[in-house]
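Subject: Structure for your review

Dear colleague,

Please find below the structure that I am handing over to you. My notes on it follow directly after.

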Amino acid sequence: MIELKSSEEMDEIARGGRIIAALYREMQTRIVPGVSTGELDRFAETFITDHDGALPAFKGLYGFPGTMCCSINEEVVHGIPSKKRVLREGDILSLDTGVRLNGWCSDSAWTFGVGDVAGAVVDLLDATRHALDRAVDAARAGNHVGHIGHAVESAVRGLGFEVIRDLVGHGIGRKVHEDPQVPNRGEPGEGPLLQVGMVLAIEPMIAMGTWRIRTLSDRWTIVTADGQPSAHFEHTIGITEAGPRILTAEVSPGAASDSTTSRGSEQLRGTA
Ligand code: MG
Ligand code: MG
């Protein structure tokens, strides 16, 4: 069952979402060669709990031990933060973070380059971020869930990258994972009808090589089957009368509201 949220409830979700956006802004200067994902995770937990008594929503979820999923290079999602995982120049690091505030959850992911990153990898990051922008723009009442996946696929078609097929976005609200599933592929008109009040976590994961994945022996970390890099960008969005509203964005000074996007808008305000 898909639960619809009021605009006041979306405001609550956006309060938590802004904490993730602010965290990722902080991370831009902290993600450098020589730092470990364990150190970054410890910073993130303190940062979140220092804001309005928010809680890390992933810690303990299904038994996950960290505040953030920290996935390096070929790791797609669910990497476990560790002091033993030290970043090196040229790596990419995908952070995925959930926040719970006043009982409402928000979820956002961002892939960061570590120092100088190879041009082909920068292209992968740009393509994935662009795919998220297009997918968010497709999240409009009257469209279907399939429009979102179609937008992701269309955005990366012809670039030589592949959409990770077996991992999906999701509804979100009181729980991190709610109905519906939001695949990163599909056709317009497929899947549930999008309605005002839906809150969705849209999260393209795009691989440089194969879309096939496997899970490491730690039973958490999901990697590409061919060991090539993968990128992940995610926003929690609410569907409003005025279009998709990004709930995991920072408010820019003077902005009337977070970021309701107009149809055809290419530039959405990011989290980092
Ligand atoms: Mg996430
Ligand atoms: Mg998610």
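I begin with Ile-202, which touches Leu-132, Ala-135, Val-136, Ala-139, Ile-148, Phe-233, Glu-234, His-235 and Ile-237, leaving aside residues up to four places away in sequence; contact means heavy atoms within 4.5 Å.

Please note that this is a predicted model, in which local features need pLDDT of at least 70 and side-chain atom pairs count only at pLDDT 80 or more, while totals for chains, interfaces and linings use all residues. Residues are numbered from 1 along each chain as its sequence is written, chains are lettered from A and ligands numbered from 1 in the order in which they are written, and side-chain values use heavy atoms, with hydrogens and water left out.

Ile-202 also belongs to the largest nonpolar core, which has 55 residues; Met-27, Ile-31, Leu-95 and Ile-202 have the most contacts inside it. Such a core is a set of buried Ala, Val, Leu, Ile, Met, Phe, Trp, Tyr and Cys residues joined through side-chain atoms within 4.5 Å. Buried means under 20% relative accessible area, exposed over 50%, and partly exposed in between (1.4 Å probe, protein chains only). Helix α3 (residues 119-137) gives the most to this core, with eight residues. A second, separate core of 14 residues includes Ala-14, Phe-58, Cys-105 and Leu-247.

The metal sites come next. Donors are N, O and S atoms within 2.8 Å of the metal (3.2 Å for Na, K and Ca); water is not among the atoms, so sites may look incomplete. Glu-203 lies in the loop between β9 (199-202) and β10 (205-207), and Glu-234 in the loop between β13 (230-232) and β14 (235-240), so the pair ties together parts that are 31 residues apart in sequence. Both Glu-203 and Glu-234 are buried.

Asp-107 bridges the magnesium ion (ligand 1) and the magnesium ion (ligand 2), which lie 3.0 Å apart. Asp-107 is itself buried, with a relative accessible area of 2%.

Finally, the protein chain comes to four helices and 15 strands. These are DSSP runs numbered from the N terminus: helices (H or I) of at least four residues and strands (E) of at least two. Of its 272 residues, 55% count as buried.

Yours sincerely
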